[in-house]
Amino acid sequence: MMGRSKERFQAFVNNRWLVFVAAMWIQSCAGVGYIFGSISPVIKSSLNYNQRQLSRLGVAKDLGDSVGFLAGSLSEILPLWGALLVGALLNLIGYGWVWLIVTGRLPVLPLWAMCVLIFVGNNGETYFNTAALVSCVQNFPKSRGPVVGILKGFAGLSGAILTQIYTMINFPDQASLIFMVAVGPAMVVIALMFIIRPVGGHRQVRPSDGLSFTFIYSVCLLLAAYLMGVMLLEDLVSVSHALVTVFTLILFFLLFIPIVIPIVLSFCEEPRCPAEEVLLPKAEQQEAGKSEKDGQEQEVIFSEVEDEKPKEVDLLPASERQKRIAQLQVKLFQAAAEGAVRVKRRRGPHRGEDFTLMQALIKADFWLIFFSLLLGSGSGLTVIDNLGQMSQSLGYDNTHIFVSMISIWNFLGRVGGGYFSEIIVRDHAYPRPVAIAVAQLVMAFGHVFFAMGWTGAMYIGTLLIGLGYGAHWAIVPAAASELFGLKKFGALYNFLTLANPAGSLVFSGVIASSIYDREAEKQAQQHHIQPLISGSILSGMFAQDEPLKCEGSVCFFLTSMIMSGFCVIAAVLSMILVYRTRTVYAHLYGKSHT
């Protein structure tokens, strides 16, 4: 009896669903960057910063979120628990030091040093993301879309989750939120870091996996709806602390529910021999047991098959296509053995195989993904960064509702993007980037709503932009892992994330701010707010320091139309990628139809 219990416990510890649930928990507190808007006021007031200085801290935060080269490199050298530990220490040191300065326990540092601390604290998030995604994508190699979508979705929700916990604890001062951001994620990550690892998940396939994913999706939808309701209720109505505590306990319950899946699979179901996910075509599997030399020869022969097969073969049904490819491969083996064919040696991996970052950087497909992501997600981040000013210009006083709403839509976009893109590749063997193109067209319509400023446009625009922006971060990592392999996925993913701050820097920092200031100056001149030439020099100096404010849809009309155009261009780039990768996806997923 004891032996059987020990065996079941060991199965539980090595269950890929346990790794996935632990990664969800880490992600649910890892997105500390999303809570920066809540901690920036106390930093501003405590250190007497102006808006420009605070904006520089915001740029440091964005860079910390996205510069993940070191995280990607360390995840290849260190075990994943080591990378998670480094991330936890960075988070603790960066934000912990900021908390000590804000509360007066340490002397105030120059602005550049504060930027470094914010960068370091936020950079820990890249280690959490990398470890969670690398382990789970390797454990669920044929369910990458749902896995990435769910994990990135929880990262997007972490700001709302941390805010709710802070509200429940009811700290005496706002600076305590910085302390919670420094200590909370580090504690959770250190507690779970030994669980996050590859456990040979492709050998743990069960018939119940589809039902398990459905259960996880149901929890995600319930969690999103619950948080939306709680945030709106707390924002619109005065709620007692006892009720806030009840709300937070229910939130914890919803977060803990998914642990039921690995418990049931390990302790309640009878042990069985799980199927192994087939990652290679049958023609390649038949040769897998041969010697290393034979394996190398087969790899070269298969490369020759790709060059020699007629194009119409890819259009055949999956069973017929594999049959024709197998016949062609046999002929090439015979011809190569007889010396009739001189087989070309490959000069690097093909699409769908393992690339290093340097090998990927010379591929057109990689740059199509990068620039499509830059234009699409960059335009979405521009809206997120300027949402407060956009809502104020259209006459809305309470901007927090739109910030809360876009975080929920962002979460649902990530979860839904992973789900629907998986249907595209699983059921139709069609390239996943087509889902990116759809998301970008949805965003193009969202930008048009913002530009027009119609009644209710803020609500519809927030919905469309949130869904489209979130979908990018579920679909792009999954597509990158399919096209460029899993071996160096950490480095590839962290390079692609650079598209986000690059797009935001140009679109928000240059285009949106310049157009807004120009329109605000026009309105100031029309209303004679600027000092007249005949006015005193002293009054002119004071007027120049006053921030200009723009009202009406004209403030962001041109910016939104430009963003809409960028989204259309991004969709075109995504469709070019779809055209170029049809063969790869037919090869990876075509066997699903047999």
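Which residue forms a salt bridge with aspartate 209? Select aspartate 209 and look for arginine 16. Their closest N and O atoms are 2.6 Å apart.

Now show the helices around this pair. Aspartate 209 belongs to helix H10, residues 209-236. Arginine 16 belongs to helix H2, residues 16-27. Is aspartate 209 buried or exposed? Aspartate 209 is buried, with a relative accessible area of 8%. Arginine 16 is buried too, and its value is 1%.

Keep in mind that this is a predicted model. Colour it by pLDDT before going on. The chain has a mean pLDDT of 80, and 81% of its residues reach 70 or more. Select residues 274-307, where the pLDDT is below 50. Beyond near neighbours in sequence, this stretch still has 55 contacts in the model. Then select residues 529-545, where pLDDT also stays under 50. Here the model has six contacts beyond four places in sequence. Where pLDDT is low, the predicted coordinates should not be read in detail.

Back to the charged pairs. How many salt bridges does the structure hold? There are seven.

Next stop: arginine 432 and glutamate 422. Their side chains meet in a salt bridge, 3.0 Å from N to O. Arginine 432 sits in the loop between helix H19 (400-428) and helix H20 (433-452). Glutamate 422 is in helix H19, so the pair ties together parts that are 10 residues apart in sequence. Check the surface here. Arginine 432 is buried, at 0% relative accessible area. Glutamate 422 also counts as buried, at 8%.

Move on to helix H23, residues 499-526. Select lysine 522 and glutamate 519, which both lie in this helix. They are three residues apart, about one turn of the helix. A salt bridge joins them, with the closest N and O atoms 3.9 Å apart. How do the two partners stand in terms of burial? Lysine 522 is partly exposed, with a relative accessible area of 39%. Glutamate 519 is buried, at 9%.

For the last stop, select Glu422, Arg426, Arg432 and Glu482 together. Salt bridges with shared partners join these residues into one network.

Key: Residues are numbered from 1 along each chain as its sequence is written. Side-chain values use heavy atoms; hydrogens and water are left out. pLDDT is the predictor's confidence in each residue, from 0 to 100. Contact means heavy atoms within 4.5 Å. A salt bridge is a side-chain nitrogen of Lys or Arg within 4 Å of a carboxyl oxygen of Asp or Glu. Helices (H or I, at least four residues) and strands (E, at least two) are DSSP runs, numbered from the N terminus. Buried means under 20% relative accessible area, exposed over 50%, partly exposed in between (1.4 Å probe, protein chains only).
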